[in-house]
Structure formats: C-alpha cells, structure tokens
Amino acid sequence: MARPKSCGICYIIPENLNGAELLDALIARIKHWDERILKLIRHTDPSTVGFLKVKSSTPGAVWRTGPVTLLGDSIHAMTYFRALGGNTALYDTGLLVPQLTAARHHGKSQTAAVRDYENAMRDHGYEAVRSSLSAMLRNVGAGRPLSAVAAPQ
Ligand SMILES: Cc1cc2nc3c(=O)[nH]c(=O)nc-3n(C[C@H](O)[C@H](O)[C@H](O)COP(=O)(O)OP(=O)(O)OC[C@H]3O[C@@H](n4cnc5c(N)ncnc54)[C@H](O)[C@@H]3O)c2cc1C
C-alpha cells in the first residue's frame, strides 16, 4: 500500500489511495483520539471514502459586461468551511432574477441589468470566498498559513 509521507510540516497523502488506504492514513493521523471515535471510523465502509481536495478561487475578477454572465461556483468557488457555496449560488439567483425581470418588463437595458447583478454578486460572492478561506485556515491551522500546519508526530 502507498503510505502517506510526512514532509516535516505537513502530511502528503497520495491522491490515488483507495478507500481502505485513505481510512488507514486518517487513523494513523488521529490515533491519539478517543478510542470510541476511532472505533466508529474503523467501521466506516471503505467504499464510501474518497479523496477530496479543498479548493478556493481567487476573488477579485472584474470583466466587461456582455451577453453571458456567471453565478455560483463558476465565479466564486470557495472552501466549504462556512457552508456558504450553495447558499451563495442561490443568493446570486435572487439578485439576478429581479434584474432580468426589470430588463424584460420595466424597460431597463439588458446590459445595465446584468452589470448591476454582477456588481452586487461580486461584492457578496468575493467576501464569501475570503471568509470561507479564513474559516478553513482558522479551523485547520489556528490562523497560521496552511503550509505551516504541523502534523502530529
Ligand atoms: C464537501 C462539500 C460540502 C459542501 N457543503 C455545503 C454546505 O453545507 N452548504 C452550502 O451552501 N454549500 C456547500 N458546498 C458547496 C456547494 O456544493 C456548491 O457551492 C454548489 O453546489 C455550487 O452550485 P453551482 O450550481 O454553482 O455549481 P454545481 O453544483 O457544481 O453545478 C454545476 C453543474 O454543471 C454541470 N456541468 C459542468 N460542466 C458542464 C458542461 N460543460 N455542460 C453541462 N453541464 C455541465 C455539472 O455537472 C453540475 O451539475 C459544499 C461543497 C462540498 C464539496
């Protein structure tokens, strides 16, 4: 079995481990936890365990409004440490629909409607990306940069 390597300051877990190997890698890392929790994890069906990379977009992009716009993860993918990604996608919809209605029924130009949506969406969407990244860093790194998070020896 491929074994997780320690790089001194962090664990490097190969992405190609199967579920059972991932469970072993996890248990090796948390073996100091309470035995009752470890028992629960040992009984996890390995076929339900997978490797998941946490990714965050870089907030800040601004573009010239055109006939195509963006919402949800396509523009502001974020870590799930604040459970905001899906909620923010829905919030985008709530911003976009009234703008499209204004363009369709109240004489607002389509470009102005989409631009107003994009400005509002960028404000709250990029803030959600930043706060979700901060939440992850606080959670796993107690405020330190992720690359400096020490693995338990
Ligand atoms: C582990 C985890 C936990 C999470 N927990 C939460 C939570 O508790 N609360 C929360 O609010 N958010 C949570 N999220 C985030 C949330 O799942 C996403 O932010 C949300 O699904 C984004 O919605 P979306 O519609 O923008 O994108 P998606 O849900 O990714 O939808 C995009 C769709 O487009 C399809 N697609 C892609 N390319 C093409 C193509 N070329 N042609 C046609 N279709 C295509 C995809 O198959 C997909 O169905 C979590 C995410 C993860 C990974």
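H124 touches T88 and Y91, leaving aside residues up to four places away in sequence. Touching here is contact: two C-beta atoms, placed from the backbone, within 7 Å. Before going on, a word on the source. This is a predicted model, where local features need pLDDT of at least 70, side-chain atom pairs count only at pLDDT 80 or more, and totals for chains, interfaces and linings use all residues. Numbering starts from 1 along each chain as its sequence is written.

Back to H124. Helix α5, residues 110–141, holds H124. Helices are DSSP runs of H or I with at least four residues, strands are runs of E with at least two, and both are numbered from the N terminus. H124 and T88 sit 36 residues apart in sequence, yet 8.1 Å apart in space, C-alpha to C-alpha. The scale: 20 or more other C-beta atoms within 10 Å is buried, 12 or fewer is exposed, and in between is partly exposed, with C-beta atoms placed from the backbone.

Now the whole protein. There are five helices and two strands. The order from the N terminus is β-β-α-α-α-α-α. Of the 153 residues, 12% count as buried. Take contacts between residues at least 6 apart in sequence: 55% of them join residues at least 24 apart.

Nonpolar covers Ala, Val, Leu, Ile, Met, Phe, Trp, Tyr, Cys and Pro; charged covers Asp, Glu, Lys and Arg; the others, Gly among them, are polar.

Last, a helix pair. Helix α1 (residues 19–29) packs with helix α2 (residues 35–42) at about 170 degrees, axes 10 Å apart. So α1 is roughly antiparallel to α2. Axes are lines fitted to C-alpha atoms over the stretch in contact, and angles run from 0 to 180 degrees between N-to-C directions. Over 145 degrees counts as roughly antiparallel, under 35 as roughly parallel, 65 to 115 as roughly perpendicular, and the rest as oblique. On the α1 side, L23, L26 and I27 meet L38, I41 and R42 in α2. That contact has five nonpolar residues, no polar and one charged.
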